[in-house]
Amino acid sequence: MRRLAKLGHRQLCQHVTTIEAFPFPVDKDKLCWRLIQEGAGQDPGLQNVLSEVETDQRSKEWLLDYTNYLSLCQVWGELIAKAHMAVPTVYGLQGESLRGNTLFDVLKWLIQQGKLIHSGINTKAMTCEESKPWKNLIFAQLIKAQWWGPKGEGRWLGPDPTTNPYLNAPVSMLALVTTAVCGMFCGWVSTENSYRLNASSLACSLEGR
């Protein structure tokens with residue numbers, strides 16, 4: 001059962017990173033079970049375990065709950081932790097001059113106008129290089145730290161694009177990074193402001209929803 005849980009965890013992490021960053025909640029169990037079946041299909045030993053689990057409803061529910069919770073929480077938790085360290089410096093959001101309403105105006109500009117994906121951001125002047133979308137350093141930094149570090153899945157799967165779906169920064173990966181950054185920005189917005197910023201709207205639009 002432990003091997004099956006690890007397989008499901010690995011399969012789901014890869015799926016949300018390279019195919020569908022935000023699976024619909026009502027579809028998660030079905031998706032998770034399909035991914036486990038696909039992975040187990042390549043290992044005769046796991047196929048036997050899978051057959052046993054399939055006939056035991058309690059074991060199946062535990063496996064799905066464990067895989068869904070652990071996989072999604074791990075990807076999100078690790079990305080958010082890395083974003084907390086990188087975002088202030090990359091976006092120039094340090095210093096006493098960016099506080100209160102000034103900070104709020106900058107964050108609103110970054111999120112609502114989609115400027116956070118551009119390079120050359122000047123938060124004081126609120127300008128950026130419009131001709132270079134998706135070139136902001138935050139994407140390279142977080143993607144490298146999350147998926148290409150010593151324990152990163154992308155690093156261990158090698159340079160062959162037919163066997164490594166983490167290559168070339170798939171849209172789902174960009175959506176995850178964008179949402180982590182937006183989530184940080186929204187967390188900084190003062191509660192005194194009644195304006196609500198939607199952290200996931202830009203990221204979900206990347207996936208065509």
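The legends below describe an overview and several close-up views of a predicted model.

Residues are numbered from 1 along each chain as its sequence is written, and side-chain values use heavy atoms, with hydrogens and water left out. Because the model is predicted, local features need pLDDT of at least 70 and side-chain atom pairs count only at pLDDT 80 or more, whereas totals for chains, interfaces and linings use all residues.

**View 1. Overview of the protein, with nine helices and two strands.** The elements follow the order α-α-α-α-α-β-β-α-α-α-α from the N terminus on, where helices (H or I, at least four residues) and strands (E, at least two) are DSSP runs, numbered from the N terminus. Of the 209 residues, 42% count as buried; buried means under 20% relative accessible area, exposed over 50%, and partly exposed in between, with a 1.4 Å probe and protein chains only. Among contacts (heavy atoms within 4.5 Å) with a separation of 6 or more, 65% are made by residues 24 or more positions apart. The accessible surface comes to about 11,700 Å², of which carbon and sulfur atoms account for 53%, the areas being computed by the Shrake-Rupley method with a 1.4 Å probe and, for residues, with only the protein chains shown counting as cover.

**View 2. Helix H3 (residues 44–54) and its buried residues.** Leu-46, Leu-50 and Val-53 are the buried residues of this helix. Seen down the axis of H3, they fall within an arc of 60°, so they line one face of the helix; the arc is that of the directions from the helix axis to the C-beta atoms. These buried residues pack against helix H1 (2–18), helix H2 (28–40) and helix H4 (57–90). The face of H3 turned away from the buried side carries Pro-44, Asn-48 and Glu-52, which are exposed.

**View 3. The hairpin of strands S1 and S2.** Strand S1 (residues 118–122) and strand S2 (residues 127–133) run antiparallel and are joined by three bridges, and two strands are taken to pair if DSSP finds at least two bridges between them. Ser-119 stands opposite Glu-129 in S2. Four residues lie between the strands of the hairpin, and Met-126 in the turn has a positive phi of about 50°.

**View 4. A salt bridge between Glu-38 and Arg-34.** The structure holds three salt bridges, each defined as a side-chain nitrogen of Lys or Arg within 4 Å of a carboxyl oxygen of Asp or Glu. In the pair of Glu-38 and Arg-34, the closest N and O atoms are 2.9 Å apart. Both residues lie in helix H2, four residues apart, about one turn of the helix. Glu-38 is partly exposed, with a relative accessible area of 41%, and Arg-34 is likewise partly exposed, at 37%.

**View 5. A salt bridge between Glu-130 and Lys-115.** The closest N and O atoms of this pair are 2.4 Å apart. The pair links distant parts of the chain, 15 residues apart, with Glu-130 in strand S2 and Lys-115 in the loop between helix H5 (100–112) and S1. Glu-130 is partly exposed, with a relative accessible area of 46%, whereas Lys-115 is buried, with a relative accessible area of 11%.

**View 6. A salt bridge between Lys-132 and Glu-129.** Here the closest N and O atoms are 3.4 Å apart. Lys-132 is partly exposed, with a relative accessible area of 39%, and Glu-129, which stands opposite Ser-119, is partly exposed at 34%.
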